[in-house]
Amino acid sequence: MKKIACVVALAGAFVSMDAAAWGTDGHRAVGAIADKLIKGTHAEAQVQALLLPGESLEAVSTWPDCVKGNWCGPQTPEMIEYVNANPKHGEYHYTDVPFQLDHYHDGAAGTADDDIVQTLKEAIAVLQGKDTPATNPHKFTKRQALILVTHLAGDIVQPLHVGAAFVDKDGKFIVPKTKAEIDETVVFDSRGGNNFLMDDAKIEQMSANLIPPGEPKPVKPGVPQALTKPFHSYWDSTTVDYAFRRVRAKTPERFAQAAIDGKPNVAQNSGDPVTWPYQWADDTLAVSKIAFAGVTAGKIVPQVSKKGETYYTWTLEVPNDYPVPSSALAKTQMIKGGYNLASLLKAIWP
């Protein structure tokens with residue numbers, strides 16, 4: 001998730017900590033699609049050589065989110081070693097380019113040295129065998145690089161993991177030209193949409209008439225039900241749930257098979273694979289404009305975290321049919337993620 005400090009501040013009030021980009025099912029769907037597409041190729045043999053017995057791309061796809069806490073189970077020695085060696089690993093999953101723009105540029109407002117584009121470049125270079133201090137400053141192993149590429153190929157197609165909204169006090173979307181303009185007094189960072197709060201009951205009501213019903217949500221005794229849902233969380237998990245329901249898929253593997261059976265037309269990347277993250281980011285910027293179409297934010301509301309720190313939120317309104325286009329877009333993007341990942345691995349290991 002984006003901006004971990006803010007996420008922690010919001011977590012207790014608004015969002016459970018197991019939320020992650022595309023959620024568990026979404027990332028597994030991306031991995032499952034790639035597993036199927038590389039079956040029987042040289043790339044599959046190279047992948048299996050880096051994975052442990054019984055592992056697959058689907059299985060390891062959530063690993064970079066699982067290392068953020070214990071919600072996937074106790075941390076393994078491998079996870080602990082990775083976290084200790086990568087103190088900024090939480091920043092590898094996203095970039096914050098203003099969604100109104102068309103291209104990702106190194107060093108521009110919203111980008112960072114450890115963002116998703118730069119991390120993917122590094123991991124791809126490692127898999128290509130270009131392991132030098134200049135190309136691999138984080139000293140990723142080939143196994144770590146494969147796991148990161150698998151996960152981040154899913155993250156980078158999530159609209160809010162690339163296209164970010166910056167707002168003024170009245171919730172008007174604006175475009176900062178430099179990093180210095182994002183001062184949290186005139187220009188505010190919505191933290192990947194985590195600071196945009198949606199009425200959860202209203203979203204459920206919208207979806208009831210538009211999306212096929214799903215499994216009843218378990219209710220934990222003594223745990224209050226959230227009244228609001230961060231916009232980022234909606235895109236991480238709710239759109240995935242809706243997308244699965246719309247194709248009648250209850251598992252990532254079934255979603256993957258349904259996706260492949262549909263023979264999707266996914267654009268091919270060109271050039272050196274190490275440049276592909278730029279192409280993926282630019283494509284997702286175009287998609288993020290659709291994600292924000294018709295979306296409006298209210299006025300700024302100061303909040304105080306448990307640590308006494310002030311942060312800001314905005315109520316968010318979306319079109320009445322939003323569950324339909326957003327879930328369709330999520331389906332398309334997860335499919336892109338799986339096909340992109342498979343194409344990348346076959347390009348690295350032809």
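Predicted model: local features only at pLDDT ≥ 70, side-chain atom pairs only at ≥ 80, totals over all residues.
Q: Which residues have the most contacts inside the largest nonpolar core?

A: The general idea first: in soluble globular proteins, nonpolar side chains tend to be buried together. Here, the largest nonpolar core has 88 residues, and those with the most contacts inside it are Ile156, Phe196, Phe231, Trp235, Val318 and Leu345. Helix 13 (residues 323-348) supplies the largest share of this core, ten residues.

Q: Let me zoom in on one of them. What does Val318 touch?

A: Setting aside residues up to four places away in sequence, Val318 touches Met198, Ile203, Met206, Phe231, Gly294 and Val295. Phe231 is also among the core residues with the most contacts.

Q: How do I read the packing of helix 8 and helix 13: what is the angle?

A: Angles over 145 degrees count as roughly antiparallel. Helix 8 (residues 142-155) and helix 13 pack at about 150°, with their axes 8 Å apart, so helix 8 is roughly antiparallel to helix 13. By class, their contact has six nonpolar, two polar and no charged residues. From helix 8 come Leu146, Val149, Thr150 and Ala153, which meet Gly337, Leu341, Leu344 and Leu345 in helix 13.

Q: Helix 8 also holds Arg143. Is Arg143 buried or exposed?

A: Buried means under 20% relative accessible area. Arg143 has a value of 13%, so Arg143 is buried. Leaving aside neighbours within four places in sequence, Arg143 is in contact with Leu50, Leu51, Leu52, Glu55 and Glu78.

Q: Now helix 11. Why do its buried residues line one face of the helix?

A: An α-helix has 3.6 residues a turn, so residues three or four places apart point the same way. In helix 11 (residues 252-261), the buried residues are Pro252, Phe255, Ala256, Ala259 and Ile260. Seen down the helix axis, they fall within an arc of 130°, so they line one face. The face turned away from that buried side carries the exposed residues Arg254 and Asp261.

Q: What covers the buried residues of helix 11?

A: The cover includes helix 2 (23-37), helix 4 (57-60), helix 10 (231-246) and helix 13. Just after helix 11, Lys263 takes a positive phi of about 45°.

How values were computed. Residues numbered from 1 in each chain as written. Heavy atoms only, no water. Core = buried A, V, L, I, M, F, W, Y, C linked by side-chain atoms within 4.5 Å. Buried < 20%, exposed > 50% of the residue type's maximum accessible area, 1.4 Å probe, protein only. Helix = DSSP H or I, 4+ residues; strand = E, 2+ residues; numbered from the N terminus. Contact = heavy atoms within 4.5 Å. Axes fitted to C-alpha atoms, helices over the stretch in contact; angles between N-to-C directions. Parallel < 35°, antiparallel > 145°, perpendicular 65-115°, else oblique. Nonpolar A, V, L, I, M, F, W, Y, C, P; charged D, E, K, R; others polar. Arc of directions from axis to C-beta.
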